[in-house]
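Please look through the model below before reading on.

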Amino acid sequence: MRELYNVSASPHVRSGVTTRSIMRDVAIALAPASIVGVYQFGFAAFLVLLTSIASAMAAEFLWKRFVVKKKTPYECSALVTGLLLGMNLPASVPLWIPVVGSAFAIIVVKEMFGGLGQNFMNPALGARCFLLICFAGRMTAFGVEKASSHFMTGAASIDGLSSATPLAVIKNLEATQNICSEVSLSDMFFGFTGGVIGETSALAILVGAAYLLMKKIISIRIPAAYILTFAVFVYIFGGYAFTSDGFYYLACELCGGGLMLGAWFMATDYVTSPITKGGQIVFGILLGLLTGIIRVCGNSAEGVSYAIIFCNLLVPFIEKFTMPRAFGVVKKKKGGAAK
Amino acid sequence: MKKGTFKGGVHPYEGKELSMDKPTVKLLPGKELIYPVSQHIGAPAKPCVAVGDHVLMGQKIAEASGFVSVPIAASVSGTVKEIKPTLTVSGSICDAIYIENDNEYTPVPGLGDKRDYTKLSKQEIRDIIKEAGIVGMGGAGFPTFIKLTPKDENAIDYIIVNGSECEPYLTSDYRMMLEEGEKLVDGVRIILRLFDNAQGVIAIEDNKPKAIEHISELVKNEDRISVQVVRTKYPEGSERQLIKAVTGRKINSSMLPADAGCVVNNVDTVISIHMAVAETTPLMRRVVTVSGDAVVNPQNFNVKTGTKYSEVLEAAGGFKEKPEKLISGGTMMGLGLFDVNIPVTKTSSALLAFIKDPMLLVPEGPCIRCGRCVEACPENLIPQMMMEAAERFDDASFEAVSGMECMECGSCTFVCPAGRKLTQSLKQTRRSILDARKKK
């Protein structure tokens, strides 16, 4: 027991939400998508996720121990970074890929810029893009061979999967082929398609997102602005505008690729998104446009990762132009409040 | 009825159930009473008694020493022992008048006489309120007669009584509304006599249904007084937020409530106005909530000003366990205490004692830019950016992000998951900027 009272300036109470509890909630919210990923791609997917998490945590531990050398409260943020990176890898990658990726995410993208809260780019996506550039072949090997034992390769190996993801199929559709017969929207929604471990099931991601919204971990501003803008853009410019397949195509674009995972879990990353409420909407709109442009006009069928890390760089500017006006201040005065 | 509210704000644990259903207990003071000369914003009062003088209950012992200043009345009869510096709630030292209680409580002639205020002129009412030493009892302690003397009294259309009591644990205003509701309503009638175009609104948070019901019953035949239910949220009772909740008008830090046609007074202040004007009694008592998990019997006391906190605490049964933290006022804006041997003043609202200091439970980590402070800020600011400027001692940037609009309500620190002490830093920066402005 202390002899003296603690004297401190007000306030004297806390809400109970801590960085660690937030990270824990994000990890819980990612669980459904991870579980579907492991079901779909088997034990190999589980190993990739595990390696990714473990190496992210190890990288953080080593950096803190040997470089920072200061005791800091442990926030579990490396766990989330590792998990997100793992979910952004195909299950077929050799296990040194998640190790390299996690180390890059934690050390180069995060710690070198000052650690948690200081990085200007989403660490998991930064690492994913780094891996995509360095090891393009391994990073896009989505094909799953038909196999008799499904332990390692999961449900996907029952019938086998072609290496092309549904989005790639849509992108390279011949004029004679019909979109409705070439890709199955329900498979995309439930997650029975090819792709990276965590992105295939739109449903599982939405379940996790609902949890985050309910717990008020994220606000709906960024994902809503992102998805709506993207939907409008691809509907108009995707090549199926006002045709009978327009909405089928739109739904496939929404469920396909990294859009759901990106919009709900990556674009909403606190550190690398604007803190102003108006800025979050602007950020979402920019993401939607950029993703749409890359998917429709670009070479690749995918655009979410690049759109997000590019917009991450714009965050300081977005914040600058979206500073809210203080309560009761009518006109913007120079130098803030009046005397 | 539509519930008034504002954007932002937080919901701290209320803790009001500890003391809300316990009737106020009248507490007689011990041997020694201490009256600091500075119990309000503005110039300290000037003692007008000498050591050795015998004073009566209700007698003026210190007089106003400037325009923004009010007198102080003795709350007991007895002998002036000393005039010497004392420790006050804020931790500062100020001159105080020490009176030895003779336990007779002999009133000054005329104390408690009924007065028909309908025969008084506006100026007479204001003078009585000034002489009674009435200040804003919500905590700031701004002399009430100044609030009631705006530049253009015809421009005032709302007299708002702040019965929201949004600070956690505090129940003194709630008890007053239940126990002295008639006096409260009469106080509003008196204020309304000063403002011909105004209507009186008693704003109460929706977590106090009994008070809402009771006061609504009392004002049902009043043409000019009504009850406005406001949503339970901290800081609903902040002047700027309350004006928004009741009238929809917004004022900023450089404006006064009068600029929005409002005069806002605390419940206890309005009751004191009634006491002064209708019952010839100066401000010499204070209702104080004693609560918190370290207190044996949390309850409300009707205390004579000048009584020591230690006596009030004793009346509540003392501590269950030695607390880590003592607070004068609520948990969001109250002041941390390091001693209980300090006097209850006009602005004391509560004494809270907690076994554990919740501020120590969360270690301070780096900001993760989660934006919770932005969501919580009732002033629509970006506390995170203000904090960044404050940490760099960059006053220009601090002002550029409207830092001076901050009212230090504590919401940002309350919600911060990284355990950062935002409000505390912002306070410091605001003080240093204000000091620098004064020097110019």
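The model is a predicted one, in which local features need pLDDT of at least 70 and side-chain atom pairs count only at pLDDT 80 or more, while totals for chains, interfaces and linings use all residues. Residues are numbered from 1 along each chain as its sequence is written, and chains are lettered from A, with ligands numbered from 1, in the order in which they are written.

Chain A is divided into domain 1 (19-139) and domain 2 (164-198 + 220-318), the bounds coming from an automatic or database domain assignment. The C-alpha centres of these two domains of chain A lie 23 Å apart, and their contact takes 26 residues from domain 1 and 17 residues from domain 2, where two residues are in contact if their C-beta atoms, placed from the backbone, lie within 7 Å. On the domain 1 side, the elements that give two or more residues are α1 (19-41), α2 (43-68), α3 and α5 (123-134) of chain A; helices (H or I, at least four residues) and strands (E, at least two) are DSSP runs numbered from the N terminus. The largest share of that side, seven residues, comes from α1(A). By class, the side has 16 nonpolar, nine polar and one charged residues, with Ala, Val, Leu, Ile, Met, Phe, Trp, Tyr, Cys and Pro counted as nonpolar, Asp, Glu, Lys and Arg as charged, and the others, Gly among them, as polar.

Also in chain A, the axes of helix α3 (residues 77-87) and helix α4 (residues 96-110) come within 10 Å and cross at roughly 135 degrees, which makes α3(A) oblique to α4(A). Axes here are lines fitted to C-alpha atoms, for helices over the stretch in contact, and angles run from 0 to 180 degrees between N-to-C directions; angles under 35 degrees count as roughly parallel, over 145 as roughly antiparallel, 65 to 115 as roughly perpendicular and the rest as oblique. Among the residues that make this contact are Ala78(A) and Leu85(A) of α3(A), together with Pro98(A) and Ile106(A) of α4(A), and the contact has five nonpolar, five polar and no charged residues.

For chain B, the assignment gives domain 1 (26-110 + 302-354), domain 2 (112-279) and domain 3 (372-439). The C-alpha centres of domain 2 and domain 3 of chain B lie 30 Å apart, and the contact takes seven residues from domain 2 and six residues from domain 3.

Chain B also holds an open sheet of four strands in the order β2-β8-β7-β4, with antiparallel pairing, two strands being paired if DSSP finds at least two bridges between them. Because β2 (32-36) and β4 (54-55) of chain B stand at the edges, each with a single partner strand, one side of each is left without a neighbour in the sheet. Strand β4(B) pairs with β7(B) (residues 78-87) over two bridges, and Val55(B) stands opposite Gly78(B) in β7(B).

Finally, at the interface between the chains, 62 residues of chain B are in contact with 41 residues of chain A. Among the elements that give two or more residues to the chain B side are β15 (325-328) and α11 (395-400) of chain B, while the largest share, four residues, comes from α13(B). By class, this side of chain B has 33 nonpolar, 17 polar and 12 charged residues.
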